[in-house]
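Dear colleague,

Please find the structure below, handed over for your records. My notes on what was found in it follow directly after.

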Amino acid sequence: MALRSSKSHAATGTGQRKPSARPFSSKRELHAGHTVSEFDHEHSRDAERADSGSSSTSKKPSVYNPLVDELDVSARAETLRALPREFTAPPLMEGLLTSVTDFLGPEARPTDIQSLSLKHLFPRPLPGYPSNVNAWGAPTKNKSEYLQCLLASETGSGKSIAYLLPMLQDLKLTELRTDTPRPQNSGCPLNPRALVLAPTHELSRQLSSFAKALLHHIKLRVLCASKSNTPSTPSRNVSSAKMAKEMDELIKGSSAGKVEEKHAAEDHAVDIVVGTPSKILEMVKGRGWDHQVTLEQEPNVWEGEGKRRLSTVGKPEMSLESIEWVVIDEADVLFGQYPDFQADTKSILSSISEARKQPLDFPSVPATPSSPAPLNYPFNLLLSTATIPSALAWHLDSYHPSLIRLASPNLHRLPSTLRTEYVGWTGGNRNVDIEKRLRNVWAQDVPKRRNRKVQFSKVLVFCNKSTRVEELGQYLTEKGIPNVALTSTSETRKWGSNHHLDGFLRKHGHTAKDEKLASEPSLEQSSSSDAPAYTQQPHVMITTSLLSRGLDFAPEIKHVFIVDEPRNMVDFLHRAGRSGRAGELGKVVVFGKTEGRGSNRTKIMRKRVGALLA
């Protein structure tokens, strides 16, 4: 059974592969990375390079890549030759292939990163087929051998499908083996066999919905561990002891309407848990584990006269001893330049190894690419990312030197369907400039023929600071433009669902054409209420980099506004990549100072953005 090639909302562009701008080799080159640099730190170095380049007398001067200081641009990846061009069984199970058909459409074909996954990430053969190679000639692995792999591809290329398919199939094959007993609970309500880690609750929920859509025919259970929908203020006065008891009941899932963390019955064990690193650690170590204080640390916390009560730690809700697969989505965040994320992620991986009776042997001296210290995890480890910052490259070369690298030829490139436009500030109120640009976008949406439907674009606006998000949101509201302003502390993020993103996220299970036809009222419907659609419901979402990672936004997001100078090219790639996804047309509008003092920073940014289009 095969799926024939055609344009699909889940594929990149038309699905046609473009030749790589640089050769890919399976040779592993050493890359001494640097920390991610910001524009102001690079200003003087860019000027020096420009000066030296102009005065050079060599016949063939070297070409400086402005991305090399921030991103790993070395050619290290498996070859793109002889890749599968269709979803077939094998290597996919028949049931999983049917789910792919239902999810992506009967005419879908794999993107480059999905094709690489089909060839290299199915370690076990299907029953009834040769056991030494898979359907595409790649050697299979014994069950005792574990994968360590990096999947790197541009935004909107279907990386989540690329890592979910091999993980789900391997879990199902293990379950079907009669000689593989189901692991016991070990005293914890949850004993999953796979973890998927993501940096935000919004992405965790979307990933869990992807996984569930692929499991309709092979029947595995997925749990999304997300923040509970607890009220921000108590509805009645209760004692602290009773409040603690009620919170424990919420965490255990007894109040189904208020918490997304519903534990399954023992006869329906959970196979996969999706969540943020901090939430997973809370489930493993107990609620409040990170606030626990020992007697040695603070002797006055113990109960007694004149002493306050020691904070209690809840019971662990999840065991890690049966984990066979770990996926780290947005690895450039969880393993990159954010210390808190990195510490939590490493703690989880170490805890799994210890729970599986194979604790890690950490080196006494930090490893380097020139002196690596390989970490051999007793489980399959998949890392997914749209960018490879130098900090991530350094970590991988130091601790995972034999990691399989599967990379798209368009890695660190903007989608070909995404146009870039630069808008200069007028020198007055910047909010006025943004409002004017928004109204110009919607004016261009109105068709010349009055009997056609109006498809008003939705716009995603990125700011650097939460205060800026709130300020711009309030201004647009006062000007009659409803909007959704989201920061990390927004109340709507506590709902325990992604309903605060309704109208902006893609509705999976519907084609892009169906979404477009159903999402907007006709011109006649809009005019009958004496106001266009964008003044009746939010067509603008304002946020920080919080929502720039991994989320699959709807095709109505035709424009991305970047109103604050991005801190680096990693941020720019992720922000711009929320539009022009899966072959849809899009535009990223970059605001900046184009004249006078400070305009040189904008010129440097344009130079670097130009390298993303090369």
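**Findings**

Helix H3 (residues 112-120) is mostly covered, with eight of its nine residues buried. Buried here means under 20% relative accessible area, exposed means over 50%, and partly exposed lies in between (1.4 Å probe, protein chains only). Helices (H or I, at least four residues) and strands (E, at least two) are DSSP runs, numbered from the N terminus. This is a predicted model, in which local features need pLDDT of at least 70 and side-chain atom pairs count only at pLDDT 80 or more, while totals for chains, interfaces and linings use all residues. Residues are numbered from 1 along each chain as its sequence is written, and side-chain values use heavy atoms, with hydrogens and water left out.

Among the buried residues of H3 are Ile-113, Leu-116 and Leu-118. The buried residues of this helix pack against strand S1 (148-152), helix H4 (159-176) and strand S7 (404-407), where contact means heavy atoms within 4.5 Å.

Strand S6 (residues 380-385) has six of its six residues buried, so it is largely enclosed by the rest of the structure. Asn-380, Leu-382 and Ser-384 point one way from S6, whereas Leu-381, Leu-383 and Thr-385 point the other way. S6 pairs with S1 in the parallel sense over five bridges; strands pair if DSSP finds at least two bridges between them. Thr-385 in S6 is the bridge partner of Ala-152. Strand S5 (residues 325-328) also runs parallel to S6, joined to it by four bridges, and Val-327 stands opposite Leu-382.

An open sheet of six strands, with parallel pairing, has the order S8-S13-S12-S9-S11-S10. Its edge strands, S8 (418-424) and S10 (483-486), each pair on one side only. S10 and strand S11 (residues 540-543) are parallel and share four bridges, with Ile-542 in S11 as the bridge partner of Ala-485.

As for aromatic residues, five pairs are counted, the rule being that rings of Phe, Tyr and Trp (its six-membered ring) have centres within 6.5 Å; planes under 30 degrees apart count as stacked, over 60 as edge-to-face and the rest as tilted. Tyr-338 and Phe-341 form an edge-to-face pair, 6.4 Å centre to centre with 90° between the planes. Tyr-338 counts as partly exposed at 34% relative accessibility, and Phe-341 counts as partly exposed at 25%. Ring pairs also link Trp-425, Phe-561 and Phe-591 into a cluster.

Yours sincerely
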